[in-house]
Amino acid sequence: MTQTAIAVAEARHRRDQSWVFFNGEYCRYHEARVGLLTHGLNYGTGCFEGIRAYWNAERHQLNALRLPEHFERMHGNAKVLQMRLPYSIAELCGVTVELLRRNECREDTYVRPLLFKSAEEIGFRLHDIEDSFAIITAPLGDYVPHAGIRCMVSTWRRIDDTMAPPRTKCTGIYINSALAKSEAIQAGFDEAILLTGGGHVCEGTGENIFIVRRGEVLTPPPSDNILEGITRDGIIHLFREEMGLDVVERSIDRTELYVADEVFMCGTAAAVAPVVEIDRRTIGDGEPGPLTLRVQDLYNAIITGGDPKYAEWLQPVW
Ligand code: PMP
């Protein structure tokens, strides 16, 4: 076996042995099974969350980031998708901490709550079918390169709220992101930027987007079919409260991206990711811009537990 094959086998073994929470009980990952006819698998009738917990090696502490906000969003998603999430936000936070402890997580970790229609029957609908709920944890390092990413505007458009709800993390909807992401990667870029059906800038495949132009910070509004990101919310707060800059939520045209002084994306997985090139046009001078770097620094200090003022964003695990 090659070194890579050994590493893959070890990671798989570790995943299979990890503790998960499934339908009210703690069990091993490999014991939690679903059948082939499972509704959520066939029709994309599920919703998920993506949460990060950051390891602080100096303090030997794992901090889960904005847990209540993620579970609050999931409760809202469940309502839109006619699903039942039978736990309070406090209970869900408690289960997450318990899982991270059981799995002895002492590295950057991703937490994946998943709620899905679990009936094994033919025919799609949302009402009157049982749901299953799981939480899984997995190690996760950097999701995108932090030094600056190269993007293309996707030929795929972001789904519209009149077609399926973009403000939910509905599993089926992620075909939209997957199509755009593969197109971008296979064309040699790092990430895609999706436009709305009407042609306005929407977001990345798993990140919200901000631009800076002539000292003004802009980001698309929720009515432009974005996912209302928890990181986006935090970044708007940091601009306003820590940097004394307002953030204007308004529709953005494609070519405003090209003439922007700075562009960055943000999300739980990506954190703050400077964009240095879009559609082969250099953004600013081709380096991450000063406001991007400043807000990235503030954000990184907070998530690693280095800023006591924002301790409430973090849930210590140990
Ligand atoms: N947009 C999409 C489509 C996403 O999947 C994500 C990741 N959840 C985001 C934006 C960023 O959201 P958050 O900051 O809550 O992770």
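A residue counts as buried under 20% relative accessible area, as exposed over 50%, and as partly exposed in between. Keep those cut-offs in mind. The model described here is a predicted one.

## Salt bridges

Side chains of opposite charge can pair when their charged atoms come close. How many salt bridges does the count come to? It comes to 17. Three of them are set out below.

| Aspartate 16 | Arginine 15 | 3.1 Å |

Aspartate 131 has a relative accessible area of 21%, so it is partly exposed. Lysine 117 is at 0%, so it is buried.

Arginine 66 lies in the loop between strand E5 (61-65) and H3, while aspartate 233 lies in helix H6. The pair therefore ties together parts that are 167 residues apart in sequence. Is arginine 66 buried or exposed? Arginine 66 is buried, at 9% relative accessibility. Aspartate 233 is partly exposed, at 42%. There is also a network here: salt bridges link Arg66, Glu69 and Asp233.

The remaining pair in the table is aspartate 16 with arginine 15. Aspartate 16 is partly exposed, with a relative accessible area of 22%. Arginine 15 is partly exposed too, with 38%.

Helix H3 covers residues 67-80, which makes 14 residues. From its first C-alpha to its last it reaches 20 Å, close to the 20 Å expected at 1.5 Å a residue. Which residues of H3 are buried? They are Leu67, His70, Phe71, Arg73, Met74, Asn77 and Ala78. Seen down the axis of H3, the buried residues fall within an arc of 155°, so they line one face of the helix. The face turned away from that buried side carries the exposed residues Glu72 and Lys79. After H3 comes glutamine 82, with a positive phi near 55°.

Helix H6 runs over residues 230-242 and has 13 residues. At 1.5 Å a residue, H6 should span 18 Å. Its end C-alpha atoms are 17 Å apart, which agrees. The buried residues in H6 are Ile230, Thr231, Arg232, Gly234, Ile235, Ile236, Leu238 and Phe239. Glycine 244 follows H6, and its phi is positive, near 65°.

## Positive phi in loops

Most residues other than glycine have a negative phi. Arginine 214 is not a glycine, yet its phi is positive, about 50°. It sits in the loop between strand E11 (208-213) and strand E12 (216-219). Arginine 214 is at 69% relative accessibility, so it counts as exposed.

Aspartate 279 also has a positive phi of about 50° although it is not a glycine. Its place is the loop between strand E15 (271-278) and strand E16 (281-282). Is aspartate 279 buried or exposed? Its relative accessibility is 14%, so aspartate 279 counts as buried.

## A buried loop residue

Asparagine 103 is in the loop between helix H4 (89-102) and strand E6 (109-117). At 16% relative accessibility, asparagine 103 counts as buried. What is it in contact with, leaving aside its neighbours within four places in sequence? Asparagine 103 is in contact with Ser18, Trp19 and Thr137. Take threonine 137: it is 34 residues from asparagine 103 along the chain, but their C-alpha atoms are separated by 8.0 Å.

## A nonpolar patch

Leu37, Tyr43, Ile122 and Phe124 make a nonpolar surface patch of about 450 Å². Leucine 37 is in the loop between strand E2 (25-28) and helix H2 (39-43). Its relative accessible area is 38%, so leucine 37 is partly exposed.

Key. Residues numbered from 1 in each chain as written. Predicted model: local features only at pLDDT ≥ 70, side-chain atom pairs only at ≥ 80, totals over all residues. Heavy atoms only, no water. Patch = residues over 30% accessible without salt bridge, like charges linked within 9 Å, V, L, I, M, F, W, Y side chains within 5 Å. Areas by Shrake-Rupley, 256 points an atom, 1.4 Å probe, with all protein chains shown as cover. Salt bridge = Lys/Arg side-chain N within 4 Å of Asp/Glu carboxyl O. Helix = DSSP H or I, 4+ residues; strand = E, 2+ residues; numbered from the N terminus. Buried < 20%, exposed > 50% of the residue type's maximum accessible area, 1.4 Å probe, protein only. Expected span 1.5 Å × (residues − 1). Arc of directions from axis to C-beta. Contact = heavy atoms within 4.5 Å.
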